[in-house]
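Me: I'm new to this one, could you walk me through it?

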Amino acid sequence: MAKVVHSRNIERDPGMHGTVVRTTNIPEELGRIEFLLTDKTGTLTQNDMELKRLQIETMGFSGDSMDYVQACLSEGAEGDYDPTDTKSIVRNTVLALALCQNVTPTTNLDGTISYQAASPDEIAIVRWTSSIGLVLNHRDRHSMTLNDRVYSILQIFPFKSENKRMGIVIKSPEGRICFYLKGADVVMQKIVKPNVWLEEECGNMAREGLRTLVIARKQLTESDYASFLKEYNEASLILGDRREGAMSEVVGRYLECDMDLLGLTGVEDKLQKDVRVTLELLRNAGINIWMLTGDKVETARCIAVSSRLVSRGQYIHTVTRLSSREDAYNHLNVMKESPNCALLVDGESLDYFLEFMKEDFILTASGLPAVVACRCTPTQKAEITKLIRHVCQARVCCIGDGGNDVNMIQVANVGVGIMGKEGQQASLAADFSIHEFSQLSRLLVWHGRISYKQTSKLALFIIHRGLIISVCQAVYSVISKFEPIALFQGMLLVGYSTIYTMLPVFSIVYDRDVNEKLAFLFPELYKEMRENLSFSLSKFLTCAAVSVYQGIVIQLFTYLLIGFADEGKMLSVSFTCLILNELIMVALQINRWDTTIIMAELLTLLMYILSIPFLADYYDLSFLLEAKFYWSSFIILFTSLMPVWTIKTITQRLKPPSYAKLQR
């Protein structure tokens, strides 16, 4: 029930509007996070793409220079491809960008056209081609319409995270067949004809924080396409695991080879709101932050610096294209000798580390202030998450917004999905769904801390409540010479576990040791709480010792002051002291009195008083009117509670917790 209350508080938080808690079992896990693994696109960035640059050989177009591209299109959108004619290259590049996509246009009520696609990059590129004159008006499974020209779709090869490219075979209205392909530069460099500018320009765009896509084309004759189609269809009929490999082999042999490089696009993805503040706050809370992305090394470096995941001027140790154990050990030694550096590692090098020295790598990297892994596959993200959990014995929170983040979200201790533009896969697979990255700070530093601290305190009180009545029964049995007689029976036993103690103990979940402002002003409280576990062996032993002491005092002093001869009088004093002891113990633990807590205490006390006339089968009601009942109860409660209160007060005076210092 406490976990449900914490989950409801998260969903009703006005500062986290739209948050969905899909798992009510683990809100307290939010208070013990040591590692945060985050995606980049759509998580740290808005996933709101805009094409900023177009590079065609040595010519770069951006801003006002895009007018030249539009002027080239005005002379005709299509024509024979001439690699020596600048205007021909520009026209064919723009046409390739308009055709090589998987975007669906929809016409709105006001006559405007909006675009839908799985990838925001594709939408950004199609919007740009539409803005300069090539408008995608219609699309179905077999054709697409640009302006008034209908192009037939012969084959389409959708984007996959494994191959990092997508292709399409198009037949123009004039009957020309062409294969267009776009993808990541590391993949496309092996497919296009040799060139001298692609790698350098990709690096330049990445340093500006732009996402790059390489576009290429290949003209096909009717016979070329017929030969390809025949072998491709034969490969598609193969049964078993060899089918995909055979189809890819045919595509690679006929289409994805010796292609004409057309151009390079640079798409900007802006940072999400308050990303810098959120990362800084989480870092101060003692959480190690790793960014796992599929982008280029330079793009990842740029975003890491601009988001302040890596401080400006901080040394970034970069590991790329690792291929030998000697180099790997050298890099590990550098990281050990420079514990304040940030690590930037690419997917290829990460594979090598995880294959040959995964434990050394994880232990070394976990001690660094920031880690950025680029060119990561979904499998690598999940494997890193598992290794951190098992090697470092740490609790990991993973956050992402796309389908490629689902693997790591599902293997993390806590998975957080952002309801972004890449679909709902991550959001639906996660334990918690939020709308933007900045809400993560409230989820962890505020709600996580409260959930863990108050759930731990509630668990200790439930132990105390059950143990103290057991000790009372044990003392009664010892004094009664182990006769098989229950001390509290019937309504007393049922009432103790329900109406007499449930509300006060449960109301602990509404207690707050600090307010929101202090929690965010001093995020170190989160780290301190994680290091000094609220539910540790020492806390349990202390709770057990207090329960044993109070149980002995209540039942032994009842025997000394009242005796066991008159069972009605004995039960009146011992059970009343037991109930009042629980109410006062809850009151001693409260840091801030809330209306709910006050009402729980008063309502429980009132219910007990009103129920006394119905306890005539157990109590000597006439004894409740005598002074002896009151002074004996006072002595028992004073002896039971005074040492506990004194020790707690002295401890808080001599060694106050941080939240107590802030309250002062």
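Predicted model: local features only at pLDDT ≥ 70, side-chain atom pairs only at ≥ 80, totals over all residues.

Me: How many strands form the open sheet, and in what order?

Reply: The open sheet is formed by 9 strands, in the order β4-β3-β13-β12-β11-β10-β9-β8-β7, and their pairing is antiparallel. The edge strands, each of which pairs on one side only, are β4 (59–61) and β7 (136–139). On average, neighbouring strands of this sheet are turned by 30° against each other, if direction is ignored.

Me: Ok, and how many bridges join β10 to β11?

Reply: Strand β10 (residues 165–171) and strand β11 (residues 177–183) run antiparallel and are joined by 7 bridges. As an example from that pair, valine 169 has phenylalanine 179 in β11 as its bridge partner.

Me: Which strands do helices α6 and α7 lie across?

Reply: Helix α6 (residues 198–207) lies across β3 (45–56), β12 (210–220) and β13 (260–271), and runs at about 10° to β13. Helix α7 (residues 222–236) lies across β9 (149–157), β10, β11 and β12, with an angle of about 40° to β9.

Me: Switching topic: where is threonine 455 found?

Reply: Threonine 455 is found in helix α17, which covers residues 439–479.

Me: Buried or exposed?

Reply: Threonine 455 counts as buried because its relative accessible area is 15%, and the cut-off for buried is under 20%.

Me: And what does threonine 455 touch?

Reply: Leaving out residues up to four places away in sequence, threonine 455 touches His6, Glu28 and Ile450.

Conventions: Residues numbered from 1 in each chain as written. Heavy atoms only, no water. Helix = DSSP H or I, 4+ residues; strand = E, 2+ residues; numbered from the N terminus. Buried < 20%, exposed > 50% of the residue type's maximum accessible area, 1.4 Å probe, protein only. Contact = heavy atoms within 4.5 Å. Pairing = 2+ DSSP bridges. Axes fitted to C-alpha atoms, helices over the stretch in contact; angles between N-to-C directions.
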